[in-house]
Amino acid sequence: VLGVMLGVAVLVIVIAVMSGFDRELRHKLAAYTAHVRVEPREGLLTNHAALRTEIAAVPGVRGVTPYVMGPVLLKTQPAEGASAFHVPSVLGVDPASAVPPVSTLLGSLVAGTNELRGYSFLVGRELAAKLNLQPGDAVAVYAVTQLERWNTARLRGEEEAPLADDFTVRGVFEVGFYDLDALLVVCSLANARDLFGLENAVHGLIVALDDAEQAAAVQSRLLGKLGAGYKVSTWYEEHASFIESVVVEKNMMYYLLFFITLVAAFGICSGLITFVVQKTREIGTLKALGATDGQVMWIFLSQSLIVGLLGVAAGLGLGLLGVHYRNEFLFQMRRLTGFELFPADIYHFYELPALVIPGDVAIIVTGSLLMCLLGGLIPAWHAGRLKPVEALRHE
């Protein structure tokens, strides 16, 4: 019973965590990244105003907004001590746009304000903590284009040092996804254009959908409408390897962890074999009194079924309890051992997600019961085939 209980409990906990991880990952990516991106295959996007109107008319599209995105070098300017450096990505957007992910990023502030007037930007909570930044702090920003121009001038023998743009931290956002909280800076579209020297051009368009799961259908519509001169990518394609790896790991967990239940089934098998040997005389007596092979088999199969039912019920209860208190357990282990079992910089979440899917629970419960029954089938079949004379002679 304990073997079955532990196998079922581990299966329930691990599969629930993997399902929760998959759900939260999809939710975060769909909420805080562009559902669909439209970019020119070559150069910059200059006719974005007309293109926005054309894309907005496609069924399933909620809104369209231009964006500029690229790496920058940040240099803090503390009143005391040495400056700190970091190379995040800057996302330039129209602050008035109500299109996700712009609206969700601007609405996820934990400090300061989301006003992006003047030379100002928003930083993620992890990045702010790493650079010790607070609203109101000044930061020097070097764009990649400035460094390229400096390098070109240096190769020509000209002494042209790049000049940084001075920005002010206006607010700090937290979306609960480590990559965004640690590697993203948000500024106005006008400031991003100035940083990268784009004038009136942009890098592409962010397309928000009514349903993020319909991104592939909208993508095919846009490709047919815009032609081969544009590249249309979905949020799923941009993160396909990450999402599919979670699905593959979940499926592998099914097979690997079912071996724990298989070991418990072997325990049931060995226990019933011993029981059949011990009860050989009783089996012979029952057969002599007229018991059929099927009735004797059912006696031993019912034992494996009872063990399976008790173990599965106890394991299901223990597994659901473990899922409910999973984060409390992690916090206690971190407090006692000082070891981070679920580091956010690796798994991209600050808490361990979980989702109990009835279909997964049904597979675990049914599979475990079948294994328990199969574990008792061989000794039960052997007991049913015993002849009364041989059984009594054996005694």
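This is a predicted model: local features need pLDDT of at least 70, side-chain atom pairs count only at pLDDT 80 or more; totals for chains, interfaces and linings use all residues.
Strand β9, which covers residues 184-188, is mostly covered, and five of its five residues are buried. Strand β4 (residues 89-93) is joined to β9 by five bridges, and these two strands run parallel. Within this pairing, Val90 stands opposite Val185 of β9. Strand β6 (residues 120-124) is joined to β9 by three bridges, and here the strands run antiparallel. Val123 has Val185 in β9 as its bridge partner. Val185 is therefore a point of pairing both with Val90 and with Val123, where a pair of strands requires at least two bridges.

Most residues other than glycine have a negative phi, and most peptide bonds are trans. The bond from Pro100 to Pro101, however, is cis, and its omega is near 5°. Pro101 lies in the loop between β4 and α3, the latter comprising residues 102-106.

Two residues other than glycine have a positive phi. For Asn132, phi is near 60°. This residue is placed in the loop between α4 (125-131) and β7 (138-143). Asn132 has a relative accessible area of 62%, and because this is over 50%, the residue is classed as exposed. For Glu199, phi is near 55°. Glu199 belongs to the loop between α7 (189-196) and β10 (204-209). Its relative accessibility is 68%, so Glu199 also counts as exposed.

A buried loop residue is found at His35, in the loop between α1 (2-32) and β1 (36-40). The relative accessibility of His35 is 5%, and because this value is under 20%, the residue counts as buried. When residues up to four places away in sequence are not counted, His35 touches Ala30, Val207, Ala208, Leu209, Ala212, Ala215, Ser233, Thr234 and Trp235.

Two packed helices are described by the angle between their axes and the distance between the axes. Helix α10 spans residues 240-278 and helix α12 spans residues 293-324; their axes come within 11 Å and cross at roughly 145°. The crossing of α10 past α12 is right-handed. On the α10 side, the contact is made by Ile268, Leu272, Phe275 and Val276, and on the α12 side by Phe300, Gln303, Ser304 and Val307. Of the residues in this contact, six are nonpolar, two are polar and none is charged.

Helix α13 (residues 326-337) has twelve residues, and at 1.5 Å a residue it should span 16 Å. Asn327 is placed in α13. With a relative accessibility of 9%, Asn327 falls under 20% and therefore counts as buried. Apart from its neighbours within four places in sequence, Asn327 is in contact with Glu351 and Leu352.

Key: Residues are numbered from 1 along each chain as its sequence is written. Side-chain values use heavy atoms; hydrogens and water are left out. Axes are lines fitted to C-alpha atoms, for helices over the stretch in contact, and angles run from 0 to 180 degrees between N-to-C directions. Helices (H or I, at least four residues) and strands (E, at least two) are DSSP runs, numbered from the N terminus. A crossing is left-handed if the near helix is turned anticlockwise from the far one by less than a right angle, and right-handed if clockwise. Contact means heavy atoms within 4.5 Å. Ala, Val, Leu, Ile, Met, Phe, Trp, Tyr, Cys and Pro count as nonpolar, Asp, Glu, Lys and Arg as charged, and the others, Gly among them, as polar. The expected span of a helix is 1.5 Å times one less than its number of residues. Buried means under 20% relative accessible area, exposed over 50%, partly exposed in between (1.4 Å probe, protein chains only).
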